[in-house]
Amino acid sequence: MECHSCGVCCKLFVINLNKEEYELGKYKTIFAEFGTVDFEEAELTGANLLAQNEDESCIYLQEGKCSIHDSRPQVCRNFFCDSDEEWFKSMIEKIEKYKAKQKHL
């Protein structure tokens, strides 16, 4: 599997950082200006979510491409829109609907 670099997943899904990524503090999160909390509280409050642009796309999506692709979070590394993994099925369907809608615009 490989990333097709279309950027659609970066437009449609909120990215949850894992404990290690959150605690490293290298990614900008939605509540970054308030500082960090312990990871368990971060998960409960959503403080471990990557920051988003005004259009709700990932803050690291720039000019349709991931600006941190080589160091992107693990959840981004695990997802491929050509995956046959069951847990990605609904996400892939959402991407396909989005792409079909964009073709008709």
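C58 is buried, with a relative accessible area of 10%, where buried means under 20% relative accessible area, exposed over 50% and partly exposed in between, for a 1.4 Å probe and protein chains only. The model is a predicted one, in which local features need pLDDT of at least 70 and side-chain atom pairs count only at pLDDT 80 or more, while totals for chains, interfaces and linings use all residues. Residues are numbered from 1 along each chain as its sequence is written, and side-chain values use heavy atoms, with hydrogens and water left out.

A search of the whole structure finds zero disulfides, a disulfide being a pair of cysteine sulfur atoms within 2.5 Å. For C58, the nearest cysteine sulfur is that of C10, 5.7 Å away. C76 is partly exposed at 24% relative accessibility, and its sulfur lies 6.3 Å from the closest cysteine sulfur, in C10, which is too far for a bond.

C58 also belongs to the largest nonpolar core, which has 13 residues and in which L17, Y22, Y27, L50, C58 and Y60 have the most contacts. A nonpolar core is here a set of buried Ala, Val, Leu, Ile, Met, Phe, Trp, Tyr and Cys residues joined through side-chain atoms within 4.5 Å. Y60 touches K26, Y27, K28, L50, K65, C66, S67 and I68, not counting residues up to four places away in sequence, contact meaning heavy atoms within 4.5 Å. A second, separate core of six residues includes V8, F79, I92 and I95. In soluble globular proteins, nonpolar side chains tend to be buried together.

The count of aromatic pairs comes to six, under a rule by which rings of Phe, Tyr and Trp (its six-membered ring) pair if their centres lie within 6.5 Å, with planes under 30 degrees apart counted as stacked, over 60 as edge-to-face and the rest as tilted. Two of these pairs are set out below.

| Pair | Centre distance | Plane angle | Class |
|---|---|---|---|
| Y22 and F39 | 6.0 Å | 55 degrees | tilted |
| F31 and F34 | 6.4 Å | 55 degrees | tilted |

Y22 is buried at 5% relative accessible area, and F39 is buried at 7%. In the other pair, F31 is partly exposed at 33%, whereas F34 is exposed at 66%. Ring pairs also link F13, F79, W87 and F88 into a cluster.

R72 lies in the loop between β2 (65-66) and α4 (74-78), and is buried yet has no salt bridge, the nearest side chain of opposite charge, D70, being 5.5 Å away. A salt bridge requires a side-chain nitrogen of Lys or Arg within 4 Å of a carboxyl oxygen of Asp or Glu, and for charge Lys and Arg count as positive and Asp and Glu as negative, with His and the chain ends not counted. Beyond residues up to four places away in sequence, R72 touches Y27, C66 and R77.

Most residues other than glycine have a negative phi. E56, in the loop between α3 and β1 (61-62), has a positive phi of about 75 degrees and is exposed at 55% relative accessibility. E63, in the loop between β1 and β2, has a positive phi of about 55 degrees and is exposed, with a relative accessible area of 85%.

Notes: Helices (H or I, at least four residues) and strands (E, at least two) are DSSP runs, numbered from the N terminus.
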